[in-house]
Amino acid sequence: MKKRILAAREVFQEVLDFLAPHFEVQANQEDRVLTADELALALADKEGALTTLTEKIDETLLSRCPRLKAVCNIAVGYNNIDLSACNARGVMATNTPGVLDDTTADFAWALILAAARRLNEAEAYVRQGLWDKWKLKQFLGLDVHHAVLGIVGLGRIGRAVARRAAGFEMEVFYYDVRRAAPEIEAACRASYVSKEELFRRADIVTIHVPYSRETHHTVGAREIALMKKAAILIHAARGGVLDDAALVEALRAGAIAGAGLDVFEGEPAIHPGLKELPNVVLSPHIASSSESTRFKMAMMAAENLVAALTSGNPPNLLNADVKER
Ligand code: DGY
């Protein structure tokens with residue numbers, strides 16, 4: 001008999017076609033985010049799940065899903081999954097590292113350029129029919145070329161962002177809890193500085209840190225207060241790494257010039273102050289959302305699921321010390 005799995009959110013048809021020969025698949029193709037109770041009920045008789053950041057996999061859920069052996073997240077981030085609970089329950093958890101680095105870095109640059117050059121404000125102005133003449137001092141922005149870029153977190157995505165800075169002939173600084181190897185620093189042309197120095201010196205700060213209890217509010221009022229008045233802050237990592245309320249306060253006070261945000265604390269709800277601020281570029285957590293990358297992410301998660309439930313050895317296992325059940 002085939003094992004049963006749930007695709008908890010909509011996936012590409014090709015992904016379902018790939019899974020079909022291996023499993024009996026229940027798919028949520030109408031893409032409604034299931035409540036915790038609906039998810040537990042749907043997973044009660046399943047061996048595996050394809051999940052996304054909208055599905056919370058914790059002890060409460062796992063205690064109701066006795067057959068579950070693998071949870072394969074369609075995301076590189078996995079703060080929706082409690083790995084200790086998975087370990088204790090013998091559930092393998094996987095993510096999708098690597099395939100989204102360049103696409104996410106491209107999007108960080110889209111936010112950098114849009115926020116620095118005030119593209120959203122200018123676009124709204126044109127759409128509202130307010131443009132009546134050319135003006136010398138219209139939407140004066142921040143130059144990106146030759147500016148100082150500060151990268152918080154030099155992991156795979158941070159490095160991809162750094163490499164792109166060479167084309168803008170920027171000076172690049174980074175801060176990370178671990179200093180990168182000399183060859184990585186050389187490839188990124190990035191110099192290691194303290195967190196304080198980074199915030200003080202950068203014209204553009206961009207955050208690329210995964211979310212965890214340890215990284216909660218890595219960037220808050222203290223760090224933002226160090227920034228230059230003309231500087232901008234970009235965040236395309238995970239909600240909660242940045243203290244959104246502190247950012248709103250700083251922007252309201254004119255302490256920094258603007259921001260570009262793709263992720264939010266408590267998303268899809270966003271801090272109400274953000275929507276009122278014209279100098280913030282907002283997008284709905286789409287940094288990895290190119291057709292090709294989202295397809296690769298979903299297929300990679302499906303491959304993890306097949307490997308997990310056939311060999312017990314998925315390529316992107318997050319909890320290597322998971323106990324056999
Ligand atoms: C990830 O992969 O973690 C993103 O946040 C979802 O696209």
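**Reading local features**

Author: Leaving aside neighbours within four places in sequence, Gly 158 is in contact with Ile 151, Gly 153 and His 208, where contact means heavy atoms within 4.5 Å. This is a predicted model, in which local features need pLDDT of at least 70 and side-chain atom pairs count only at pLDDT 80 or more, while totals for chains, interfaces and linings use all residues. Residues are numbered from 1 along each chain as its sequence is written, and side-chain values use heavy atoms, with hydrogens and water left out.

Reader: Where is the place of Gly 158, and is Gly 158 buried or exposed?

Author: Buried means under 20% relative accessible area, exposed means over 50%, and partly exposed lies in between (1.4 Å probe, protein chains only). Gly 158 has a relative accessible area of 1%, so this residue is buried. Its place is in helix α7, residues 156–165; helices (H or I, at least four residues) and strands (E, at least two) are DSSP runs, numbered from the N terminus.

Reader: Where does Gly 98 lie?

Author: Gly 98 lies in the loop between β5 (92–94) and α5 (101–116). With a relative accessible area of 33%, Gly 98 is partly exposed. From C-alpha to C-alpha, Gly 98 and Ile 157 are 8.5 Å apart in space, although they are 59 residues apart in sequence.

Reader: How is a pair of aromatic rings described?

Author: The description uses the distance of the centres and the angle of the planes. Rings of Phe, Tyr and Trp (its six-membered ring) pair if their centres lie within 6.5 Å; planes under 30 degrees apart count as stacked, over 60 as edge-to-face and the rest as tilted. By this rule the count comes to 5 aromatic pairs. In one of them, the ring centres of Tyr 174 and Tyr 192 are 5.1 Å apart and the planes stand at 55°, so the pair is tilted. That pair links distant parts of the chain, 18 residues apart: Tyr 174 is in strand β7 (residues 171–175) and Tyr 192 in strand β8 (residues 190–192).

Reader: Which residues do ring pairs link into a cluster with Tyr 192?

Author: Ring pairs link Tyr 174, Tyr 175 and Tyr 192 into a cluster. Tyr 174 is buried at 0% relative accessible area, whereas Tyr 192 counts as partly exposed at 29%. The rings of Tyr 175 and Tyr 192 have centres 6.3 Å apart and planes at 20°, so this pair is stacked. Because Tyr 175 lies in strand β7 and Tyr 192 in strand β8, the pair ties together parts that are 17 residues apart in sequence.

Reader: Which atoms of the protein lie 2.8 Å from an oxygen atom of the ligand?

Author: A polar contact is a pair of N or O atoms within 3.5 Å; within protein, one must be able to donate a hydrogen and the other to accept it, and residues adjacent in sequence count only if both atoms are side-chain atoms. A backbone N or O atom of Gly 77 lies 2.8 Å from a ligand oxygen atom, and a polar side-chain atom of Ser 288 also lies 2.8 Å from an oxygen atom of the ligand. For Arg 294, a polar side-chain atom lies 3.5 Å from an oxygen atom of the ligand.
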